[in-house]
Amino acid sequence: MRIAVVGAGSIGQMHAAHLMTTEGVTHVELVGRDAARVAEHAEAVTERVGQEAAGVHLSITTRLDDALEAADGVVITTPGSAHPAMVAHAVRMGLPVFVEKPLALTAREYGDLLEGIEAAGADQKVMVGFHRRHSREFQTLKGLLDAGRAGSLRAVFSFDHDKSAADPEALGGSGGIFADMMAHDFDLVPWLVGEQASTVYAVGSVAAHESYREHDQLDTASAHLTFASGLSATISVMRGHAEGQDVRTVVHGTERTYSVGGADGVAISRIDGEGGIHVPESTFEDYQDRFASAFVREMQDFVAMIDGQGTNASTPSSGVPGVELLDAAQRSLASGRPEAVRPLRELRGD
């Protein structure tokens, strides 16, 4: 199986390395505009996989259409603003697609692209990069909630705090902290609880890195979601979390409370009952470190999907609730008050 990886930055390198150690893959081709940069990325991939990828060929090219013509599937890791055109092009060519989130930066663009994907019968052939859906810990949590083991759900708390503070100048095409970071939580929460929120109240600030203000970016944000069932969810995201990478989710039900991410590498200094302070001995360095096994499984699941041996855990249609939440959060940030979650068809003006 031959896979093209388009946009080989840091995450493209990671996906390429994982593909090269995935059973069934024989050839990975990195695709970019600048031949010298793509060659550097290829060197980084080769160094990362070492001897584990014996027998898998790695090549580079600047010729996108030639790469897609030869590929059995494509992994898209370009900036988010380029995703709709790239995905539409690959779908027209009949290729299975893995695309990093966001699938699109606006609800209207998402809806238009989804309409085209569904018209082509390709919803099951496009996998959107929400890696937590491929994580054993979150899959187990979802299974417990689906089975009613927590009882009636009362509250969800989701923390998504990056250790590193991204270069604010490089965030220009990201859609901001809500689209770039909280989008993972907007996807996660309705997927976990099986219900869409009715309102969102979102706030954000520059609390730690003044350089963000100059680029109209936020480094700290939170959102409160309410649901018709009485459930509420609170989401917190930060860029530049001093203690380390911190991604945790807690779900409280009437029968049980479950926690994900609270066992290993917890980036919190703990104060005990006697007032003693316990600094964490080790924490995760970044999101790739925190979700190392999930990212491996993500590419394995994509290859299985291409081969007809697996199902797509994150189709474009299944991501609609997250898009609706993102739109409500952005409206709430602008208005300073809670905003109703509106259906995608209404956001598109249908």
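The structure is a predicted model. Its chain contains twelve helices and 15 strands. The radius of gyration is 20 Å, close to the 20 Å that the globule rule gives for 350 residues, so the chain is as compact as a globular protein of that length. Of the 350 residues, 51% are buried.

**Overall build**

- Taken along the principal axes, the box filled by the C-alpha atoms of the chain is roughly 60 × 55 × 45 Å.
- Among contacts in the chain with a separation of 6 or more, 73% are between residues 24 or more positions apart.
- The chain has an accessible surface of about 15,800 Å², and carbon and sulfur atoms contribute 48% of that area.
- Charged side chains number 28 positive and 49 negative, and 5 Å separates the centres of the two sets.

- Helix 6 spans residues 136–146, and its buried residues are F138, L141, K142, L144 and L145.
- Exposed residues R136 and D146 are carried on the face of helix 6 that is turned away from its buried side.
- After helix 6 comes G148, which has a positive phi near 75 degrees.

- H224 belongs to strand 9, which comprises residues 220–226.
- The relative accessible area of H224 is 33%, so this residue is classed as partly exposed, a class that lies between the limits of 20% and 50%.
- The C-alpha atoms of H224 and T234 are 4.6 Å apart, although the two residues are separated by ten positions in sequence.
- T234 is also one of the residues that H224 touches beyond four places in sequence; the others are T199, V200, Y201, S232 and A233.
- H241 lies in the loop that connects strand 10 (232–239) with strand 11.
- H241 counts as buried because its relative accessibility is 13%, and the buried class takes in values under 20%.
- Apart from neighbours within four places in sequence, the contacts of H241 are H161, D162, K163, D246 and A267.

**Backbone features**

- As a general point of reference, most residues other than glycine have a negative phi, and most peptide bonds are trans.
- The peptide bond between K101 and P102 is cis, with omega about 0 degrees.
- P102 sits in the loop between strand 5 (97–100) and helix 5 (107–119).
- D216, a residue other than glycine, has a positive phi, near 55 degrees.
- The loop that holds D216 runs between helix 8 (211–214) and strand 9.
- D216 has a relative accessible area of 74%, so it is exposed, the threshold for that class being over 50%.

Notes
Residues numbered from 1 in each chain as written. Predicted model: local features only at pLDDT ≥ 70, side-chain atom pairs only at ≥ 80, totals over all residues. Heavy atoms only, no water. Helix = DSSP H or I, 4+ residues; strand = E, 2+ residues; numbered from the N terminus. Rg over C-alpha atoms; globule rule 2.2 N^0.38 Å. Buried < 20%, exposed > 50% of the residue type's maximum accessible area, 1.4 Å probe, protein only. Contact = heavy atoms within 4.5 Å. Areas by Shrake-Rupley, 256 points an atom, 1.4 Å probe, with all protein chains shown as cover. Lys, Arg positive; Asp, Glu negative; His and termini not counted. Charge placed at Lys NZ, Arg CZ, Asp CG, Glu CD.
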